[in-house]
Amino acid sequence: MTKKHITALTPPISKLGFGCMRLPMLPDGKGIDKAAATKMLDYAYEHGVNYFDTARNYLGGESEPFVGSVLKKYPRDSFYLTTKMPAWLVNNLSEAKKLFEHQLELCQVDYFDVYLLHSLGNRDTFERIYLKEKVLEELQREKRAGRIRYLGFSFHGSLDFLRYLLDEFSWDLVQLQLNYMDWDIQNARVQYEMVRAKGLPCAVMEPIRGGALATLNDQAAAILRQAAPERSLASWALRYVGSLPGILTVLSGMSTQEQVLDNLATMTDFQPITEAERAILQQALEAYLQASPIPCTACAYCMPCPFGVDIPGNFALYNQGMGKRLLSDMEQADAETAAQKRAEWVKLWESMPAEAEAGKCRSCGKCVPKCPQHIAIPERLKELQAVLTEARKAQPKTP
């Protein structure tokens, strides 16, 4: 009997997928808020979401067992579960086999619907672990045995590396970082076209870029809200990628029930984005990029920092406060407006403990090779701290 193509499964894979990397955490940050997260996953499932994406390293290793514990109450053939093989956690075939068995146990399943080689970005690592250590051969064997139904990879590398993977090996799907910000500036369009040329479907990760495209900055947000006051900023990002041909599912890393409701409203009875809306979105993107945002998706692969710096938290606050443009904007403003802008910038940082601020970075560089976005993290932290220091210097001294 011929195996069904992944796009022809019954039930069909839902257009909205649940990315389980950003589930709500307890206030002290020590563990998943299981009550809130269970409510979110259950609600999504009950309203048509049937594709759930997790990984061994998500949420400090808690994502896989938690997602498995929630999904086990549903019929196994009613949902699709994806997890991944992290090359950085295995050194040889024996360790990879043990990890795969452990993942099945943690997720409380007998098979994975989709299994991905996680975050491929380096050909040397791919060839050392997946080819020389024969881990890819083992995963293909597991596919033939039925414990992996569909095999693919998630990608964060160069175009040459992607071309090599697509030309030399057989895959069922590819998971790409696609969103309207990365479409041109990070070659997302070219990657997407390369995958589509091979006839492969794309699972979309980071459609909202770790939440950045759900907040933007004041100028960009105003453009979108004026065009469609009733729509959330996130809905524009989801509709942009959801309108592309050959998209298997759009993964959203939801962390609140409000996000679940909003994303379901967008992706249920889906309305493709129009050409007029694309033009509006381009205007908003240009306004956002003028602020020189740091392209962080808050994946936290860079964490923990040995010096205690909250790297994703600092970058999020930097982007929220319009970053590099702040000082030049203040220089052009009158004294009263400049003082207000500085005060607003400094106020943003009240939520950031002093010991976690960018200034604590010692440029050890351990975070740099871990970043899927290839951000020069120490340099950007220095830039951020310089803006914050200037803004604080200008604050009136309290008596």
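**View 1. The side chains of R239 and E277 make a polar contact at 2.8 Å.** A polar contact is here a pair of N or O atoms within 3.5 Å, of which, within protein, one must be able to donate a hydrogen and the other to accept it, while residues adjacent in sequence count only if both atoms are side-chain atoms. The model is predicted, so that local features need pLDDT of at least 70 and side-chain atom pairs count only at pLDDT 80 or more, whereas totals for chains, interfaces and linings use all residues. Residues are numbered from 1 along each chain as its sequence is written, and side-chain values use heavy atoms, with hydrogens and water left out. R239 lies in helix α10, helices (H or I, at least four residues) and strands (E, at least two) being DSSP runs numbered from the N terminus. R239 counts as buried because its relative accessibility is 5%; buried means under 20% relative accessible area, exposed over 50%, and partly exposed in between, with a 1.4 Å probe and protein chains only. Not counting residues up to four places away in sequence, R239 touches R231, T266, F270, Q271, P272, I273, T274 and E277, where contact means heavy atoms within 4.5 Å.

**View 2. The largest nonpolar core has 91 residues.** Such a core is a set of buried Ala, Val, Leu, Ile, Met, Phe, Trp, Tyr and Cys residues joined through side-chain atoms within 4.5 Å. The residues with the most contacts inside this core are F18, M85, L117, Y130, F153 and L178. Its largest share, 7 residues, comes from helix α10 (residues 233–242). Apart from this core lies another, of 26 residues, among them V309, W349, L384 and L388.

**View 3. Helix α8 (residues 188–197) has A188, Q191, Y192, M194 and V195 as buried residues.** These residues lie on the same side of α8 because they cover an arc of only 160 degrees around the axis, the arc being that of the directions from the helix axis to the C-beta atoms. The buried residues of α8 pack against β5 (148–155), α6 (159–168), β6 (173–177), α7 (182–185), β7 (202–205) and β8 (247–252). G199, which follows α8, has a positive phi, near 75 degrees.

**View 4. In helix α5 (residues 135–145), the buried residues are V135, L136, E138, L139 and E142.** They cover an arc of only 160 degrees around the axis, which puts them on the same side of α5. Their packing partners are β3 (80–85), α3 (93–107), β4 (112–120), α4 (123–132) and β5. After α5 comes G146, whose phi is positive, near 95 degrees.

**View 5. Helices α4 and α6 pack with their axes 11 Å apart, at an angle of about 30 degrees.** Axes are lines fitted to C-alpha atoms, for helices over the stretch in contact, and angles run from 0 to 180 degrees between N-to-C directions. The two helices, α4 and α6, are therefore roughly parallel to each other, since angles under 35 degrees count as roughly parallel, over 145 as roughly antiparallel, 65 to 115 as roughly perpendicular and the rest as oblique. On α4 the contact is made by R123, F126, E127 and L131, and on α6 by F161, Y164 and L165.

**View 6. A cis peptide bond joins T10 and P11, with omega about -5 degrees.** P11 is found in the segment before β1 (16–19). The peptide bond from M303 to P304 is also cis, with omega near 0 degrees, and P304 lies in the loop between α12 (275–289) and α13 (311–320).
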